[in-house]
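Subject: Structure handover

Hello,

The structure is placed below for you to open alongside this message. My notes on it follow, with the cut-offs for each term given where the term comes up.

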Amino acid sequence: MRNFYNYNYLQMRASGYAWQIIYLRISYAKPAVFAQIITVKCCCVEWENRLKIDYLIVDKDTGSRLTKGYSIQVAVNMLSQEMCFESPAVLFEKLGLMAV
């Protein structure tokens, strides 16, 4: 997903921000098995003060849900090592949004 928005780990470092995971929720419905082909879908649903990304993992052939969950991430200024209480302007730029 980060490559889709042209904001991968190297680009984050260059922008001066890291995105620390502060909460992760996972709900397993069925196990994935060896050699099973899966599809991982993710969607950024919050971005103003933090990132909340929803995840869904399904069997590619049947579409049956294996796992769902979400992560919450906050921006951390890499120079000061301090958590930001608002998402930095670079995130809005990468998402194609205007900063609030």
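Strands β3 and β4 run antiparallel and are joined by 8 bridges. Two strands count as paired if DSSP finds at least two bridges between them. The strands themselves are DSSP runs (E, at least two residues), as are helices (H or I, at least four residues), and both are numbered from the N terminus. One of the bridges sets Ile57 against Thr67 in β4. The hairpin of β3 and β4 has 5 residues between the strands, and Gly63 in that hairpin takes a positive phi near 80°.

Before going further, note that this is a predicted model: local features need pLDDT of at least 70, side-chain atom pairs count only at pLDDT 80 or more, and totals for chains, interfaces and linings use all residues. Residues are numbered from 1 along each chain as its sequence is written, and side-chain values use heavy atoms, with hydrogens and water left out.

The sheet

Strands of a sheet pair through backbone hydrogen bonds, either parallel or antiparallel. Here, 4 strands form an open sheet in the order β1-β4-β3-β2, with antiparallel pairing. β1 and β2 (38-46) stand at the edges with a single partner strand each, so one side of each has no neighbour in the sheet. On average, neighbouring strands of this sheet are turned by 20° against each other, direction ignored. For that angle, axes are lines fitted to C-alpha atoms (for helices, over the stretch in contact), and angles run from 0 to 180 degrees between N-to-C directions.

β1 is joined to strand β4 (residues 65-77) by 11 bridges, and the two run antiparallel. Among the bridge partners, Tyr17 faces Asn77 in β4, and Gln20 has Val74 in β4. Between β2 and β3 there are 8 bridges, again antiparallel. A hairpin of 4 residues joins β2 to β3. Cys42 has Tyr55 in β3 as its bridge partner.

Strand β3 covers residues 51-59 and includes Leu51. Is Leu51 buried or exposed? Leu51 is buried, because its relative accessible area is 4%; buried means under 20%, exposed over 50%, and partly exposed in between (1.4 Å probe, protein chains only). Leu51 and Ser87 are 36 residues apart in sequence, yet their C-alpha atoms are 8.1 Å apart in space.

Cysteines

A disulfide is a covalent bond between the sulfur atoms of two cysteines. In the search, a disulfide is a pair of cysteine sulfur atoms within 2.5 Å. How many disulfides does a search of the whole structure find? The search finds 0. Cys44 is in no disulfide either, as the nearest cysteine sulfur, that of Cys43, is 7.1 Å away. Cys42 counts as partly exposed because its relative accessibility is 34%, while Cys44, at 13%, counts as buried.

Salt bridge

Side chains of opposite charge can pair when their charged atoms come close. The structure holds 1 salt bridge, defined as a side-chain nitrogen of Lys or Arg within 4 Å of a carboxyl oxygen of Asp or Glu. It links Arg50 and Glu46, whose closest N and O atoms are 2.8 Å apart. Arg50 counts as partly exposed at 30% relative accessibility, and Glu46 counts as partly exposed at 30% as well.

Surface patch

Ile21, Leu24, Ile26 and Tyr28 form a nonpolar patch on the surface, with about 440 Å² of accessible area together. Patches are made of residues with over 30% relative accessible area and no salt bridge; like charges are joined within 9 Å, and nonpolar side chains (Val, Leu, Ile, Met, Phe, Trp, Tyr) within 5 Å. Accessible areas come from the Shrake-Rupley method with a 1.4 Å probe, and for residues only the protein chains shown count as cover. Ile26 lies in strand β1 (residues 17-28) and counts as partly exposed, at 41% relative accessibility.

Loops

Ala35 is in the loop between β1 and β2. Its phi is near 75°, a positive value in a residue other than glycine. Ala35 counts as exposed because its relative accessibility is 64%. Gln81 is in the loop between β4 and α2 (89-95). Gln81 is not a glycine either, but has a positive phi of about 65°, and at 58% relative accessibility Gln81 counts as exposed.

Regards
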